[in-house]
Amino acid sequence: MADRIGELLLKSGLINEQQLQEALKLQKTNGGKLGFNLVKLGYVKEEDITSLLSEQYGVPAIHLEHFDIEDEVLKLIPPDIAQKFLLIPIERTGATLTVAMADPSNIFAIDQIRFLTSYTIEPVVASEASIRSAIDKYYGGSKDMQLKDVMEEIEKVNEEAELEIDLDEEDMSEQALAAAGKDAPVIRLVNAVFADAIRKGASDIHIEPYEKDFRIRFRIDGLLYEQLRPPMKMKDGITSRIKIMAKLDIAEKRIPQDGRIKTVMKIDGKVKEIDYRVSTVPTLWGEKVVLRLLDKEGLKLDLTKLGFEPESLEKFQKAIAKPTGMILITGPTGSGKTNTLYSAIGQLNQPDKHILTAEDPVEFSITGCNQVQMKEDIGLTFAAALRSFLRQDPNIILVGEIRDFETAEIAVKAALTGHLVMSTLHTNDAPSSISRLVNMGIEPFLVGTAVQLIQAQRLVRRVCKDCKEEVSYPKKALLDMGFTEEEAETVKIYKGKGCPTCNGSGCKGRIALMEVLEMTETMREMVLMGANALDLKKQAISEGMITLRRSGLIKVMNGIVPIEEVLRETVL
């Protein structure tokens, strides 16, 4: 900054070379920034420097004395960070935090506060003297604070979290362990990212390399938020550290790899065990790493809390209580299908039941269930596992996913020969699952006889309870969304305006929209007659099926989810 501001002032003619050298001498003696010393010598005014920086970096210049900063905004940035980088937060709008900086070109400072706050940072420039004055005014006693560099901040996060990595060191090469141990900043950074992801309730961590950039993002409540842009020189170290922890081959960078990491973390005095499912993929500029967080405590095994409407829940519980038949859960990746299956298994998991599961991968260990991890490279596929299961005298079989005719055929036959079979499919809604099975090659009469219930689901974000407010929509828009005439007149719709609790998004947490299709006698006859998905859907609705859209509208009327989430995930 010193060299840049000196050169800029020289080029603009505001100072000459002699004045610059005098200011540099004063800086060496008294410390402080070059601009501060130039102002002290009377060679330039504070306004000259801020105007120059504003023009140079294309950011607005402000007068801090015109601002009255709220306490909630000040709490977003610790006083030691404000003092260290000479900046102060002045305003938060939605997910954007406006920060006044003496040096708006300090990308390192912007990345650091983005990591600390999880907000998008919008810098503006203010004079150094006004920022120092504001820090003293709002934080108090900042000159005597102990300043910390970024790695000390990371160390603090790690100490508070008390993160321990459960590694089997005997399985690693000595060279790999030595290399990992030498670069302590990388280890602390990775541990801090893990701890921060858990604190913020992230479901996934994305570590992404580009040609001239390197970023880390968290998926929180289904949406990705950028958290940190580490220096490019740390790219290989971070990737290698995670691969070592997941017991992957750090020398192999040409092919995708999968592994797991187990951590034990203590947050706020509470010990948490978190598993990370690690996936690496070679990209143009290096290996992209995605970690899926598997938190046993976050797994809801209570069917009543997943998002079922009372009528739909009654149908679902009736179906899983039957001794035979097939139950299918459908939806896209990340829609909570595994959680629903585990919840059903949790309710059925009794000492007199023999439960076998075939999963790829096994996400959570359930005591009392015999879980089998698929390994296609050695021939242990869903179909092969199902064949062996039938010789194991099971009562209940869970198949992670029906992907092909062979798996579907064995699953249907198992459902017809005295077993309760539960599995997942990737379809848009419940009725189209029947067409999908028929298109795979399963005879319609087998589908109609074996299938007991099909459930489609989508995950949507909840309205943040701390900042929810009522919003209004035109009646015609509400009718177009699917509300009835009476509902459009009386419905109250809520939306979050954004607050620190929800990181400015207006939403916190997620809930499922549920569509439950029960195979009645009429539905079975239609399947035998070869009815298409549209006709099956009309019949199911006439028999009382709550569609995904209707499930969403019910939750909107109950003030649970914003209408935008329902429109994004469902169709009429």
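Contact is taken here to mean heavy atoms within 4.5 Å. Helices (H or I, at least four residues) and strands (E, at least two) are DSSP runs, numbered from the N terminus. The structure is a predicted model, in which local features need pLDDT of at least 70 and side-chain atom pairs count only at pLDDT 80 or more, whereas totals for chains, interfaces and linings use all residues. Residues are numbered from 1 along each chain as its sequence is written, and side-chain values use heavy atoms, with hydrogens and water left out.

Confidence was examined through pLDDT, the predictor's confidence in each residue, from 0 to 100. The protein chain has a mean pLDDT of 84, and 89% of its residues reach 70 or more. Confidence is highest in strand 11 (residues 325–330), at a mean of 96, and lowest in helix 10 (residues 174–182), at 43. For residues 141–151 the pLDDT is below 50, and this stretch has 25 contacts in the model beyond near neighbours in sequence. Residues 164–174 likewise stay under 50 in pLDDT, with 16 contacts beyond four places in sequence. Where pLDDT is low, the predicted coordinates should not be read in detail.

The buried residues of helix 22 are L536, K537 and A540. Seen down the helix axis, these residues fall within an arc of 100°, and they therefore line one face of helix 22; the arc is that of the directions from the helix axis to the C-beta atoms. An α-helix has 3.6 residues a turn, so residues three or four places apart point the same way. L534, K538 and S542 are exposed on the other side of helix 22. The cover over the buried residues of helix 22 includes helix 17 (431–440), strand 19 (507–518) and helix 21 (521–528).

Aromatic contacts were then examined. Rings of Phe, Tyr and Trp (its six-membered ring) pair if their centres lie within 6.5 Å, and planes under 30 degrees apart count as stacked, over 60 as edge-to-face and the rest as tilted. Four aromatic pairs are present in the structure. In one of them, F85 and F108 have ring centres 6.3 Å apart and planes at 65°, so the pair is edge-to-face. Because F85 lies in helix 6 (residues 79–85) and F108 in helix 7 (residues 107–117), the pair ties together parts that are 23 residues apart in sequence. F85 is buried, at 11% relative accessible area, whereas F108 is partly exposed, at 43%. Y342 and F364 also form an edge-to-face pair, with 6.2 Å from centre to centre and 75° between the planes. This pair links distant parts of the chain, with Y342 in helix 14 (residues 337–348) and F364, 22 residues apart from it, in the loop between strand 12 (355–359) and strand 13 (370–373). Y342 is buried at 2% relative accessibility, and F364 is buried at 9%.

A charge is counted over a ring if NZ of Lys or CZ of Arg is within 6 Å of the ring centre and within 35 degrees of the ring normal. K468 lies over the face of Y494, at 4.7 Å from the ring centre.

With a disulfide defined as a pair of cysteine sulfur atoms within 2.5 Å, a search of the whole structure finds zero disulfides. For C464, the closest cysteine sulfur is that of C499, at 3.7 Å, which is too far for a bond. The sulfur of C502 also has that of C499 as its closest cysteine sulfur, at 3.8 Å, again too far for a bond. C464 is buried, with a relative accessible area of 1%, and C502 is buried at 4%.

Most residues other than glycine have a negative phi, and most peptide bonds are trans. D360 and P361 are joined by a cis peptide bond, with omega about 0°; P361 lies in the loop between strand 12 and strand 13. L86, which is not a glycine, has a positive phi of about 50°. L86 is found in the loop between helix 6 and strand 1 (87–93) and is buried, at 3% relative accessibility. K247 has a positive phi near 60°. K247 is found in the loop between helix 12 (235–245) and strand 8 (257–267) and is partly exposed, at 46% relative accessibility.

Notes
Buried means under 20% relative accessible area, exposed over 50%, partly exposed in between (1.4 Å probe, protein chains only).
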